[in-house]
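Work through the exercises below with the model open. Each task is followed by its solution.

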Amino acid sequence: MWTTPARLKAKGIIGMNRRNIRYIGRYNDRRLYPLVDDKLKTKLLAQQYAITTPALIGTVTTQFGVKHIREMLMGHAGFVIKPAKGSGGKGILVVERVDGGDYIKPSGSRLSLEDVERHASNILSGLYSLGGSPDVALIESLINFDETFGEYTYEGVPDIRVIVFKGYPVMAMMRLSTAASDGKANLHQGAVGVGIDIATGTAIRGVQFDRARHDHPDTGHELASLCIPGWQTLLLLAAGCYEMTSLGYLGTDMVLDRDHGPMLLELNARPGLAIQMANGEGLRPRLDLIEQQPEGIGAEERVAFAQHHFARRSELATTEAPPVAVSSV
Amino acid sequence: MSRLPFYLVVALLLVIGIGMSVHRHVEFEVPWTPGEQRQVWEIEAQVNFRADGGPAKVEMALPSTQDGYRVLTEHTASPGYGLTFLEENGSRRARWSIREARGSQQLYYSAQLLVAPQARNADRPTPKPLPAVVWERPYDTAASEVIERAWSRSSDPFTFARELIGDFTEDRQSENTRLLLTQFDRVPLLVRLLNQAGVAAREVNGLMLEHGRRRQSLTSWIQVYDGDQRALFNPADGAQGRPDNLLLWEASGQSVLEVQGGTNSRVTFSMLSRNQPAAAAVRSQLARGSDTLLNFSIHSLPLEEQALFQTILLLPIGALVVVLLRVLVGIKTSGTFMPVLIALAFIQTTLVTGLIGFLLVVAVGLVIRNYLSYLNLLLVARVTAVIITVIAIISLFSVLSYRFGLNAGLQITFFPMIILSWTIERMSILWEEEGPKEVLIQGGGSLLTAVLAYLAMNNPWIRHITFNFLGVQLILMALILLLGNYTGYRLLELRRFKPVTED
C-alpha cells in the first residue's frame, strides 16, 4: 500500500512540493504564464516561431458572436471548440463530423446546434477557465490523426507529452485514451500512459491506473511495438518551445497529424508528475544533469544531448520478448 | 540563490514569537493552560471614626504588589468623600476628604489580590538609620547594655536583630529590657534599638490572611536591612522570615491610618479567598495594566471586540491545518480555504449538527443545481440562483426543524451561504466532468479538513493559547513559512508512486 520516502528518492521520483518549489517556482517566471495559460496567445506565438499547431478556424469572443458559430463552421467537417484559458482538458468539445444539422462527437452521440452554442456560451462565461474569469472560445480544425495509432487508442486522439527542462526534452510519454477515460487523455481518468524513450521514440512501459500494462485495454493491441514517426522533429518542436516561452520547466503536448506531422497542441507551465509513472523512472536525475549544463545551446544540440543521455531500453520488449518477435515478423 | 535570509527571517519570527509568549507568561503570569486555577484574596478594609463636625481628612496606607501577591483590582466606597490616591517612595496611600462630617463615619476599601509566586516587591529605598537616638536617663544605659549584650552574640544585622528581639521575649527578659518595656511599646522600641546599633530597620504592618476571617487588625513586624538584603522578623519571638499568608499592608514605615478632624479611628479587615480560572484572573489584571507596547493585548479592547478577536486569532490555526493537510498529506479539497470557513461554522453549530446540515444543504443544492444546468444560464446568474436556492434550503430546514422541536436545526443559518453556493457549483461541475468519484474524493477531503480544523480550533487549550499569547501568531507564521519551503514527498504520494518502486 505504501512505500518509503527513501525508496522514492532512490528512484529519483520528484513529488508535488519539490516540483512546485524547486522547478516551477524557480524556472517559470509568473509573468510568462499567460503565454501558456491562454491557448490563443500560445497559438499566435507559435506561429511567430514557426512551430506547427492545428489550424485556427476562428474565435468566439462575445455572447453575441455565439450566434455566428454556424456560419463559422460551414465547410469544416470536423472541429474542436476549446476554452482559451481552460485547464486539465476541461471544456474541450470535439466534433468529428457534421451530419445534416447535427454535430457528431467521436463517441457517436449527436449534438444540436443549440448544444454547441451553449457550450461556446459556457466557455465565454468562464465556466471552464481558471478562477471563473470570462474567456474566449477557440475553434480549431480537427486533427487528422495518424492511422498508425488507430490500434492504440479508443475514440480520442493520442497525444504526446514531453517535459522540456531549460530547453532539453527530458522525459516523454504518450497518452492513449480508453473507454474507461471516456475518450479523454487524462491518466487519472483511466487513460493509458506509455513512457517513450527519448532516444528513439519507442515505447518503454505502459501504465493504466498506475499499474503496469502491456496492451491497450480496449483494442487489445500490445504496446511494445509502438513507435512514434517523426520523433526527431517532434523533439525539436518541443525543445523550441523553450525559446518561444522562456519557461524553464514546461510540459508540451504534441499530436501527430497525418498530413502535417508533429504539431504543438498546447503548453503547460505546471505539468503533472504522472509521466514518472509511465516511464517507471524519476525525473530528478535527468533534471539534475540538465541543471549542470551551460546556457545558450542550440535546440538541435540540446535534443542530441538528451537523446544521448536519456536513452533507455524498453521494459516491454525485455519482459515480453516472444510476442515482440512475433509481431515484428 | 542563498536561502540564508529566509531562514534568518524564520528564526527571527520564532525568537520574537517565543520571546513574546514567555514574556507574557513570566511578566503577566498568563498560564500556559486554560484550566489552571489561581487563588484570589478579596480583602475589605473598613475605616471607622467619629467625625468632629468640621472638615475631615483620612489617610490610609494601601497594599501594593509584593512578593507572592499581585494587586488585581481595588474599589472604594465612601459616599460624600473626595478621594485621591497618592504614590510616593513606592508606597501607596488613599486620601479621603470631606468638608463637613459629623458622627460615626465608615469608609470602605476593597482589593483583589492574586496569589502569584512570581510577583516581586516594588523597590523601596532602604531607610537610613537615624543618626542620633537620644534616650533619657536611666534608659540610656539600659539600652546600651541591651545592645551590647545582643551585639556580642551576633555577627551581622540579621543575627543581631534575632538576638535583640529574643532578649525581649518573656523567658529571656532581663532587668534592662523590663525597664525599657515599662516606658516604650515593644515594636517602636526594638526599631529604635536597632537603629541605635546602626542597623537599618523599620516597623511594617501586615495582615495574616485566613479564609473567612472578619474584624481582623494589622500586626506589626520588623523589617531589617543588610545592604540590599532584607528580612522580616516577628517582634513577639524573633522568628526570621515571612509567613506565606502574610500580606504586607504598609511596608514603608509610615502610619497605617491618619485621621484629621475625627476621633476613635480604627481600621478592621475582613477577607475571603476563592479560586478562579487563571485566564479570568489575568483578564482583570490586564484590564488595569499599563498601555506599554509589550502589554499590547487584545484584553484591552471592549468585550465585544474581544469575542470577535478570539475567532479571528483562531483562523491561522485553521489555515495551518489546511497547509499541513495539503503540503504534508496531499489531501484534495474543494476550494483552498473553504474548509476553514466550514470549520468556523461548525464552531457555532457544534460538530454533528454542522455535519448533518452541511451534507443536507450540499446534497439538495446539487440536485437543484443539476436542474439549473439544463436552463443554459450564464455563470454569474447561475451561481446567484444557487445562492438563493441555498438560502431557501436553509430557511426550509430551520422552519422544519423548529416545527419538529429540534432547536439545533436553527443553527444551520451560521453557514457561510455564498461559500456553500460556490462549493455546490464547483462540485456540480466536478461531477459532470470527472464523475461522482472525484466529487466524493474532494468533498470528503474538504469535510475531513474542516473537521480537523474544527477540532483544532475548538480545542480549549489552543483557544487559550492563541487568544492570550499574540506571539503564537508569529510562531505560526514561521511554521507556515517553513512548510512553504518543504520539498519532500507528501504522504499520499508514498502511495501514488508506489508502483514505480516495485520492479
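**Exercise 1. Find the end-to-end C-alpha distance and the secondary structure of residues 439–457 of chain B.**
Step 1: the end C-alpha atoms lie 26 Å apart.
Step 2: the span is 100% helix and 0% strand. Helices (H or I, at least four residues) and strands (E, at least two) are DSSP runs, numbered from the N terminus.
Step 3: an unreviewed UniProt entry lists residues 439–457 of chain B, among others, as "transmembrane region". Such annotations may be inferred rather than shown by experiment, and their positions follow the numbering used here, with feature names shortened.

This is a predicted model: local features need pLDDT of at least 70, side-chain atom pairs count only at pLDDT 80 or more, and totals for chains, interfaces and linings use all residues. Residues are numbered from 1 along each chain as its sequence is written, while chains are lettered from A and ligands numbered from 1 in the order in which they are written.

**Exercise 2. Give the strand order of the open four-stranded sheet in chain B.**
Step 1: the order is E9-E8-E7-E10, with antiparallel pairing. Two strands pair if DSSP finds at least two bridges between them.
Step 2: strands E9 (229–233) and E10 (246–250) of chain B are the edges.
Step 3: six bridges join E7 to E8 of chain B. B:Val204 stands opposite B:Trp221 in E8(B).

**Exercise 3. Describe the contact between chains A and B.**
Step 1: 24 residues of chain B are in contact with 28 residues of chain A (C-beta atoms, placed from the backbone, within 7 Å).
Step 2: helices H12 (417–434), H16 (491–496) and H17 (498–502) of chain B each supply at least two residues of chain B's side.

Methods
Contact = placed C-beta atoms within 7 Å.
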